[in-house]
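Here are my notes on the model you sent over.

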Amino acid sequence: ILLVEDEAEMVRLTAAALVAAGFVVDAVGSLAEAEAAASVAPYALVLLDRRLPDGDGVSLLPGLRRAQPGVPMILVSALDSVPDRIRGLDGGADDYLTKPFDAAELLARIRAALRRPGAGPPPPIRCAGLRFCPATREVFLADVSVVLKRRELAVLEALVRRVGRVVQRETLLEEVYGFDDDVQSNTLDAHISRLRARLAPAGVAIHPVRGVGYLMEAMA
């Protein structure tokens, strides 16, 4: 998730709630930084404040739409009049949440935004005895629900969404870690190693592809 917010305490609280819910967060504090981030990294959703040091967040929506087609955009602002909300929604936002807000409501709105568009939740992704539910991010091994650590779940999601294809190491790092995360050179490999051990009994293999990345597939 790209979080565009310049108030340090709001960034801290919002990012903490998102991380606790299993999301990876990139936080930036201006329109220029948001535009730069959106040009280089893919996001599942953008949370955008209205009042930023270099302008109104609404003015960034068209550019974000071009850089991240189809990605839900939620405006979060203390500007709570009806005209303000109308301008935000007409300007291209998918939703408008006024400050102060409850973290549980924010997460509910994010879940709702991530379900759009479509007539229903996306179908589970399967690989041998692994079943991953994209809408809820639930993981089942041999039809038994399992709980993974946050980073391991992010790695698994990145791999299973591309099952049968090689996923570049750079792609995994982008989808699992935020801008401000301190990533050691062997951290990703450690997550992969633990996942490989968890998934092997369900008939799922994760193969390293030297110099490129990793491949998830059913064991032969």
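1. Ground rules. This is a predicted model, so I'd read local features only at pLDDT of at least 70 and side-chain atom pairs only at pLDDT 80 or more, while totals for chains, interfaces and linings use all residues. Numbering starts from 1 along each chain as its sequence is written, and side-chain values use heavy atoms, with hydrogens and water left out.

2. The cysteines. The sulfur of Cys133 is too far for a bond: the closest cysteine sulfur, in Cys127, is 14 Å away. A disulfide here is a pair of cysteine sulfur atoms within 2.5 Å, and the count by that rule is 0. Both residues are buried (under 20% relative accessible area; over 50% is exposed, in between is partly exposed; 1.4 Å probe, protein chains only). Cys127 has a relative accessible area of 5% and Cys133 one of 14%.

3. Three strands make an open antiparallel sheet in the order 12-14-13. Strands are DSSP runs of E, at least two residues, and helices are runs of H or I, at least four, numbered from the N terminus; two strands pair if DSSP finds at least two bridges between them. Strand 12 (166-168) and strand 13 (204-209) stand at the edges with a single partner strand each, so one side of each has no neighbour in the sheet. The twist averages 25° from one strand to the next. Strand 13 is joined to strand 14 (residues 213-218) by 6 bridges, and Ile206 sits opposite Met216 of strand 14.

4. Helices on the sheet. Helix 6 (residues 150-160) lies across strand 12, strand 13 and strand 14, at about 70° to strand 14. Helix 8 (residues 187-199) also packs on the sheet, touching strand 13 and strand 14, and its direction makes about 150° with that of strand 13. Axes are lines fitted to C-alpha atoms, for helices over the stretch in contact, and angles run from 0 to 180 degrees between N-to-C directions.

5. Helix against helix. The axes of helix 6 and helix 8 come within 10 Å and cross at roughly 75°, so the two are roughly perpendicular (65 to 115 degrees; under 35 is roughly parallel, over 145 roughly antiparallel, the rest oblique). Contact means heavy atoms within 4.5 Å.
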